[in-house]
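Visitor: I'm new to this one. Can you walk me through a few spots?
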Amino acid sequence: MTILPLIIASAAVLPSDRLAMADRLFDRGEYVSAKKEYDALKGATGIAADELLYRLAECNRLIGESAAARAAYTELVDKFPLSRHADRSRLMRALTLEGNAKLSELKILDSDKVRVAVRACALYHIGIATNDKDAFKRCVTLEPKGPYSLYAKFHHASLTADDPNPTVRRSAIGEFLEIHHSNDPKLAREALYFAAARSYSDKRYLESSTLFRRYLKVYPNDSRSEAVRYHAAWSDYLAGRYADAAALCGEGKSDDAAYLLAACAFATGDHAASRKLMAQYLEKFPNGKYRSSVELPLARMDFDEAEKLGDMPKMVEAARRSVALSNSSHDRLRLAWAYEKSSRDAEARAEYDSLSKAFPGTNDAAEALFRKAMIDIRAGKFSPAELALAEMLSSTKNSARKPEALYWRGIAAVRLGHEQKGVEYLKEALKLGLSLDSSREARLIIADEDFKLGRVKEARTSYITLVNEGAVERMGAAKLSAVGRFLLEDFDGVKAT
């Protein structure tokens with residue numbers, strides 16, 4: 001008795017009312033129930049087929065029935081290409097596809113004839129599929145306040161952050177900071193981190209310190225907090241703000257923190273504190289990632305300490321450790337010098353020679369050649385000394401040594417019997433500036449050569465000047481006697497009585 005009236009009442013509901021009821025179910029998220037109602041309305045009078053197809057497609061999509069959704073979207077696009085839902089149906093169908101098929105469908109929607117919201121969404125997904133930063137940029141430009149705009153801007157910034165052009169990379173940081181001040185908490189956090197990281201990579205350490213510190217302030221309990229803290233500390237350290245960097249490291253409980261504390265002390269010249277902190281680092285982290293970075297300055301400080309104390313064996317040992325850790329030209333030069341100071345000339349000469357060949361064209365190579373030559377000159381080996389000095393002078397490096405190098409090359413050439421060449425080198429050295437003793441010695445040799453070649457007037461003038469300056473101290477008895485007799489002669493060659 002009661003069922004019949006209900007059936008009659010149900011039959012009396014207009015299709016439009018039933019569609020409205022289904023729409024309310026859909027709006028409440030009851031997609032399964034809404035789908036049943038939409039299915040029941042198929043073929044109903046007064047219901048537009050494209051409207052019903054679109055609603056069914058959306059229900060299928062939202063309950064996870066992708067194949068059914070794709071079929072419904074396809075039917076709508078094929079049968080009703082002019083429907084108000086055609087563009088969005090093409091978009092939603094494209095998003096159920098993969099690879100080239102998906103991309104081809106999306107590109108069709110990149111058209112001025114497509115509604116802005118649909119086109120912007122298509123551009124966003126084109127950007128996702130192809131890492132096309134231009135697609136992301138156009139998405140933002142097309143719909144600046146659209147649902148995909150902020151995400152498109154984030155992806156655009158992420159891609160331009162790696163651009164080879166520093167100006168473009170800089171613009172990416174600006175985009176990240178705009179996103180950071182948006183209303184999306186997750187994107188805001190990510191954008192701040194990316195901006196700080198990009199600044200750090202571009203060696204804008206003052207800026208990266210500011211951004212990392214802001215991250216710590218805004219997101220104090222974030223999972224990245226510890227890493228961000230050390231990035232901020234590294235930023236300060238690399239910017240030369242050692243006290244600020246050390247303050248972020250606390251008691252140095254982690255590998256990075258312990259190392260930075262020691263490095264900051266070393267950078268400020270507090271070697272006593274840095275030696276202590278470096279030793280503590282090695283004790284706490286015997287296999288730490290900064291072990292070699294600690295061992296090298298320790299070895300160099302040991303070298304400096306041994307030098308002050310005049311402890312030659314310890315100086316050589318510290319220099320050897322430094323070379324083993326760095327193999328740098330600077331440390332090798334100090335090792336050779338330590339050998340030389342220890343009167344181990346053969347080892348010093350060999351190290352200088354090896355260094356000059358390993359680092360050709362550098363200041364340290366030029367210095368090594370000069371020092372090797374000095375060892376040879378002291379040993380009376382003028383030929384190899386002259387060759388080493390010639391090689392050194394052929395380089396444009398270590399120009400501060402040039403006057404001295406020319407002087408000793410001149411001395412070597414004279415000792416080898418090449419007086420004319422030697423005098424040329426000495427004259428060049430004098431023009432560049434020599435010490436008082438070297439200057440007197442050079443001028444004395446030049447005067448001797450003038451005298452030998454019969455340039456009596458030039459020789460007499462030079463000898464008189466040298467004697468007045470006290471150069472007699474550099475003359476032996478025989479030399480002094482000869483010069484004296486020469487100066488007592490008159491210009492006509494008549495000897496004085």
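This is a predicted model: local features need pLDDT of at least 70, side-chain atom pairs count only at pLDDT 80 or more; totals for chains, interfaces and linings use all residues.

Visitor: Okay, helices. At what angle do H8 and H9 pack?
Guide: About 160 degrees. The axes of H8 and H9 are 8 Å apart. H8 covers residues 116-130, and H9 covers residues 133-142.

Visitor: So are H8 and H9 roughly parallel or roughly antiparallel?
Guide: Roughly antiparallel, because an angle over 145 degrees counts that way. The crossing of H8 and H9 is left-handed.

Visitor: Which residues make the contact?
Guide: From H8, they are Val116, Arg119, Ala120, Leu123, Tyr124, Ile126, Gly127 and Ile128. H9 brings Ala135, Phe136, Arg138, Cys139 and Leu142.

Visitor: And what classes are in that contact of H8 with H9?
Guide: It has 10 nonpolar residues, 1 polar and 2 charged.

Visitor: What sits in the loop between H8 and H9?
Guide: Asn131 has its place there. Its phi is positive, about 55 degrees, although Asn131 is not a glycine.

Visitor: Is Asn131 buried or exposed?
Guide: Exposed. Its relative accessibility is 55%, and over 50% counts as exposed.

Visitor: Where else is there a positive phi on a residue that is not a glycine?
Guide: At Lys203, with a phi of about 65 degrees. Lys203 is in the loop between helix H12 (185-201) and helix H13 (205-218).

Visitor: Buried or exposed, that Lys203?
Guide: Lys203 is exposed, with a relative accessible area of 61%.

Visitor: New topic. How do H20 and H22 pack?
Guide: At an angle of about 15 degrees, with axes 10 Å apart. H20 is residues 329-341, and H22 is residues 363-378.

Visitor: What does that angle make H20 and H22, roughly parallel or roughly antiparallel?
Guide: Roughly parallel, because the angle is under 35 degrees. The crossing of H20 and H22 is left-handed.

Visitor: Who meets whom in H20 and H22?
Guide: On the H20 side you have Ser329, His330, Leu333, Trp337 and Glu340. They meet Asp364, Glu367, Ala368, Arg371, Ile375 and Arg378 of H22.

Visitor: How many of those are charged?
Guide: The contact of H20 with H22 has 5 charged residues, along with 4 nonpolar and 2 polar ones.

Visitor: Is His180 buried or exposed?
Guide: Buried. The relative accessible area of His180 is 6%.

Visitor: Which side chain does His180 have a polar contact with?
Guide: That of Arg214, at 3.0 Å.

Visitor: What else is His180 in contact with?
Guide: Leave aside its neighbours within four places in sequence. Then His180 is in contact with Ala188, Ala191, Leu192 and Tyr219, as well as Arg214.

Visitor: And Ala172, which helix is that in?
Guide: Ala172 is in H11. It counts as buried, at 0% relative accessibility.

Visitor: What does Ala172 touch?
Guide: Ala157, Thr160 and Ala161, not counting residues up to four places away in sequence.

Visitor: Last one. How far is Ala172 from Tyr73?
Guide: In sequence, Ala172 and Tyr73 are 99 residues apart. In space, they are 38 Å apart, C-alpha to C-alpha.

Definitions and conventions
Residues are numbered from 1 along each chain as its sequence is written. Side-chain values use heavy atoms; hydrogens and water are left out. Axes are lines fitted to C-alpha atoms, for helices over the stretch in contact, and angles run from 0 to 180 degrees between N-to-C directions. Helices (H or I, at least four residues) and strands (E, at least two) are DSSP runs, numbered from the N terminus. Angles under 35 degrees count as roughly parallel, over 145 as roughly antiparallel, 65 to 115 as roughly perpendicular and the rest as oblique. A crossing is left-handed if the near helix is turned anticlockwise from the far one by less than a right angle, and right-handed if clockwise. Contact means heavy atoms within 4.5 Å. Ala, Val, Leu, Ile, Met, Phe, Trp, Tyr, Cys and Pro count as nonpolar, Asp, Glu, Lys and Arg as charged, and the others, Gly among them, as polar. Buried means under 20% relative accessible area, exposed over 50%, partly exposed in between (1.4 Å probe, protein chains only). A polar contact is a pair of N or O atoms within 3.5 Å; within protein, one must be able to donate a hydrogen and the other to accept it, and residues adjacent in sequence count only if both atoms are side-chain atoms.
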